[in-house]
Amino acid sequence: MKGPVFAPLERVFTPPSIPETLAGPSIGRVGTKRRFWWTFALAWAVGVVYFTSQDFAYLPLQRPHWRHLLALNSIQVTVWAVLVLPALAFLRRWPLDGPGRLKRWAAFAPLTLFLVTFGIWGAFVISLGSEGKPPFSGADYLARFGRFLTLYFHFYFLTFLSVLFAYHANLWRHRFRDRALLASQLETKLFQAQNQALRMQLQPHFLFNTLHSIATLMHTDVESADRMVTRLGDLLRLSLERSGEQEISLGQELAFLGAYLEIEHIRFKDRLRIAIEVPEPLKNALLPTFILQPLVENALKHGFSKRSQGGTVAIRARAEGNSLRLEVEDDGDGPPLRHEEGVGLRSVQDRLHLLYGGLARFSFDRLPGRGTLASMTLPLRLAHQPADGSA
Amino acid sequence: MNIRALIVDDEPLARQRLRDLLADESGIEVVGECGDGGSAVVAIEAQAPDLVFLDVQMPELDGFEVIESVGADRMPATLFVTAHDRHALKAFEVHAIDYLLKPFDRKRFHEALERARIWVGRSHEIPARMASLLQDVQDSRPPLERILVRSGDHHLLLKTTDIQWIEAEDNYVRLHVEGTSYLVRQTMGRMLERLDPARFKRIHRSSIVNLDCVKELRPWFHGDYLVLLSDGTKLTMPRTYREQIVHLK
């Protein structure tokens, strides 16, 4: 067999518990659209009442017409409400934390300054209209606006920012909650995958048949018996050691699958052919722990076990731009999947989706008479140091 | 006279193990080895061995399907060999049928073989036991995926999904497949039990159809139906069988 080379897994690379791809904007949704607009309308109404009451308190002796004040403030607050929307959209699209936050602040600051100045100009125009003054010359207009601006800018700027930061805090709160939920879902899926991987080795049928093969080989081919015992040991150790990590390097995943495949290869002699086509640099690529295992198991079960003349199981990896493409293919003609196997495949898909969102793809095709092809693409990210399994 | 033994196991190493252990036993001659269920059926029929070492889990036809294909009444003494199969083990215990659990050593093998020798001398008792064993394991097993049929002087392994319809013929059933048909020694009731119930429905006392091959259901006389298959075959379905298929409409 031209199988993979096996190396002990002493140092375990630990990736961040949740990859950075999760920090994307799709996670931090603030409730539904509907809820947003209700909150927005409520804030508008509160603003109108608040500022009207301020005017009322400020001008008690003149007994201004309250309807007049209400109308004036409604228009003012509406202008501000319209101006705050682009700033909210900005924050929603580019929150002021996370990678690239300096650039975001650099864009956010002038945007806010411009909006506040624009809003004060709006208030200025309204105040002119309400005073019923005749139009005056350009220079005079500018000077008056300058005074108006210095008078009101600090107050409005602070108010404007408070609204924006309240929104941003709310974004954070939701994102935090979503991520906590996502993390717990991921944990569950990883746990399931581990369980499944353990079950593969500890599957009584696999374990006892392997032991039986070893008993046979001990009388005739001590070298192979030796190899089989060692691989069985590797397999059990790898699956017990590898706990809690969401992602491992492709090299490590291959070390695990290689041990499994080598045992099967000795058991079935020439009937099982294994082709592993993985370029050396890609062995550093990260993928979800044990994600290939159910696919290889399916390939063996359907492409090979059901055919007495044997077959080939191929595991391939290649880089496609910023993506890593992984394929597991067999050339058998097995029966349709049973229900519980379909569940195994769905769990592969679920994990990819939870970890990478829309950036990952998974497909499973049965090619009549030509076997099955399971393939997935996920964002290509390399472990920072060479992983041990890739030796 | 030597006992003529046949070894059936899909793993070459497991066959080798049996061969090695049998070499040290007296009065036993290995007449053949089979790596899959299909060739085992052929070998049992052709060589009529006295004793079969039969692996339970095998590709295509498993151990029980080998017995079904050969016919419980024609099976020689059988020593089942298995790595693990909870349902099968329970059934073996219930019916006091001998089995060997992998891995086994010389001592266990020898003991099992001694018991099997006794059965070789009491072969007339085997059919009833095999039949009740099959009946017992049936519920826990998945539907048949393949079935071994005879065509002239050779055997074919037929995918059950390729069967279009099944017709009763005395103690046989005739499987209709793409313009040809095969006789299998089996009853309609038993055949139906072993097929995927989501795919095969009985529409008449003497016919079962594969729903994938049904093209049209046409009302006929007295509430009966005419079932048109995609290959042009017309079958009648008495109204008493209507419930079988009526929910498909």
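Biologist: In which sense does strand β14 (residues 225-229) of chain B pair with β15(B), and over how many bridges?

Modeller: Strands of a sheet pair through backbone hydrogen bonds, either parallel or antiparallel. Here β14(B) and β15(B) pair in the antiparallel sense, over 4 bridges. Two strands count as paired if DSSP finds at least two bridges between them. Strands (E, at least two residues) and helices (H or I, at least four) are DSSP runs, numbered from the N terminus. Opposite K234(B) in β15(B) stands L228(B).

Before we go on, the ground rules. This is a predicted model: local features need pLDDT of at least 70, side-chain atom pairs count only at pLDDT 80 or more, and totals for chains, interfaces and linings use all residues. Residues are numbered from 1 along each chain as its sequence is written, while chains are lettered from A and ligands numbered from 1 in the order in which they are written.

Biologist: What is the strand order of the sheet that holds β14(B)?

Modeller: The order is β13-β14-β15 in chain B, an open sheet of 3 strands with antiparallel pairing. β13 (214-219) and β15 (234-237) of chain B each have a single partner strand, so they stand at the edges and one side of each has no neighbour in the sheet. On average, neighbouring strands of this sheet are turned by 25 degrees against each other, direction ignored.

Biologist: Which strands pair with β7 (residues 371-379) of chain A?

Modeller: Strand β5 (residues 323-330) of chain A pairs with β7(A) over 7 bridges, antiparallel. L373(A) in β7(A) is the bridge partner of E329(A). Strand β6 (residues 361-367) of chain A also pairs with β7(A) in the antiparallel sense, over 7 bridges. There, L367(A) stands opposite G371(A).

Biologist: On to helices. At what angle do α5 (residues 204-220) and α6 (residues 222-241) of chain A pack?

Modeller: Two packed helices are described by the angle between their axes and the distance between the axes. For α5(A) and α6(A), the angle is about 155 degrees and the axes lie 7 Å apart. Axes are lines fitted to C-alpha atoms, for helices over the stretch in contact, and angles run from 0 to 180 degrees between N-to-C directions. That makes the pair roughly antiparallel (over 145 degrees; under 35 is roughly parallel, 65 to 115 roughly perpendicular, the rest oblique). The crossing is left-handed, meaning that the near helix is turned anticlockwise from the far one by less than a right angle; clockwise is right-handed.

Biologist: Which residues of α5(A) make the contact with α6(A)?

Modeller: T210(A), S213(A), I214(A), L217(A) and M218(A). On α6(A), the residues include M228(A) and L232(A). Contact means C-beta atoms, placed from the backbone, within 7 Å. The residues divide into 8 nonpolar, 3 polar and no charged. Ala, Val, Leu, Ile, Met, Phe, Trp, Tyr, Cys and Pro count as nonpolar, Asp, Glu, Lys and Arg as charged, and the others, Gly among them, as polar.

Biologist: Which element of chain A gives the most residues to the side that touches chain B?

Modeller: Across the interface, 20 residues of chain A are in contact with 19 residues of chain B. On the chain A side, α5(A) gives the most, with 11 residues. By class, that side has 7 nonpolar, 8 polar and 5 charged residues.

Biologist: Where in chain B is confidence lowest?

Modeller: Where pLDDT is low, the predicted coordinates should not be read in detail. pLDDT is the predictor's confidence in each residue, from 0 to 100. Chain B averages 88, and 98% of its residues reach 70 or more. Its lowest mean is 68, in helix α8 (residues 242-246) of chain B. For the complex, the predictor gives an ipTM of 0.71 and a pTM of 0.61.

Technical notes: Contact = placed C-beta atoms within 7 Å.
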